[in-house]
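Student: I would like to learn how to read a model like this. Where do we start?

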Amino acid sequence: MREPSPMAGDNNLGVTVTRTLIPNLPPSYLSRRHLFPLIENQSGGTTFVIAPPGYGKTTLISEWAQNQSKGVIWLTVANGDTTHEMSAMLIAATRRVIPHFAPWFERDQPIRPTEVVRRWGNDLLATGAEYVFVLDNLRSPENEDVDIAVKLIEQFPGNIHFVAIRSNELAAIYGICASRGPIKALSVQDLRFTDSEIKQLAHNSGLEVTSDVMEMLRAGAGWAAATSLLIAHLQAKGE
């Protein structure tokens, strides 16, 4: 799917623009299209992608999102974001897919975050189209408000496939997600690089992949970040 252009007026919402965009893939990214079937879900369904940092969660979903025919609403949240700031980013992210969406957001302030999501959901449902909503959650567990998360997910319309990227499980929201539709989940075991992927990544980096090199690269246990560091180390040694 072609990335929508930034909408005039987004800055008026006071949001960080890059956190409402599908992230670009790095030049050395290794395509992982074979994992796409594990992500796909129907409207109303939820896909969890759960693993510690460095397993390529965001880049995988970025590649998948860029190949979607449905409109993809992407929102990245981080420590320190208030619920009101997240509300503004949600509206800005949606306007990248649906220009001039939710004119009431500026007009009717102040609006409680739960009311913003309720109206957002109703307006999305009224379009009659299907969407993907990706929430890339970089917040640490101590910064999470489970009660608010449940209340917000309760407002999600039935015409969105919700994709949640997380570094930890949040069992308290599984029940409300299950009430919306089917749940899929990708874990560390799904995200680990296979031997063939490790070999391809090394080839792409210009390494001669001997049995000794593969043995060293397997020390990363398929963890994307560790594998990349090992490849960089071997390159620096002139392997």
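Tutor: Start with burial: a residue is buried under 20% relative accessible area, exposed over 50%, and partly exposed in between, with a 1.4 Å probe and protein chains only. This is a predicted model: local features need pLDDT of at least 70, side-chain atom pairs count only at pLDDT 80 or more, and totals for chains, interfaces and linings use all residues. Residues are numbered from 1 along each chain as its sequence is written, and side-chain values use heavy atoms, with hydrogens and water left out.

Student: What percentage of the 239 residues in the protein chain is buried?

Tutor: Buried residues account for 48% of them. Ala88 is one case: its relative accessibility is 8%, so Ala88 counts as buried. Ala88 sits in helix α3 (residues 83–95).

Student: Which residues of helix α9 are buried?

Tutor: First the general idea. An α-helix has 3.6 residues a turn, so residues three or four places apart point the same way. In α9 (residues 195–204), the buried residues are Glu197, Ile198, Leu201 and Ala202. They cover an arc of only 135 degrees around the axis, so they lie on the same side of α9. The arc is taken from the directions from the helix axis to the C-beta atoms.

Student: What covers the buried residues of α9?

Tutor: Contact means heavy atoms within 4.5 Å. The cover includes α10 (211–217) and α11. Just after α9, Gly206 has a positive phi of about 85 degrees.

Student: How do I read a pocket?

Tutor: Rolling a probe the size of a water molecule over the atoms shows where empty space is left. On a 1 Å grid over the protein atoms alone, using a 1.4 Å probe, a pocket is an open set of points with protein on both sides within 12 Å along at least five of seven lines; lining residues have an atom within 4 Å of a point. Volume is the space filled by probe spheres set on the points, which are joined across faces, edges and corners.

Student: What volume does the second largest pocket have?

Tutor: About 300 Å³. It has 16 lining residues, and the closest to its centre are Ser28, Tyr29, Phe193, Leu201 and Ser228. Helix α11 (residues 224–236) gives the largest share of the lining, 5 residues.

Notes:
Helices (H or I, at least four residues) and strands (E, at least two) are DSSP runs, numbered from the N terminus.
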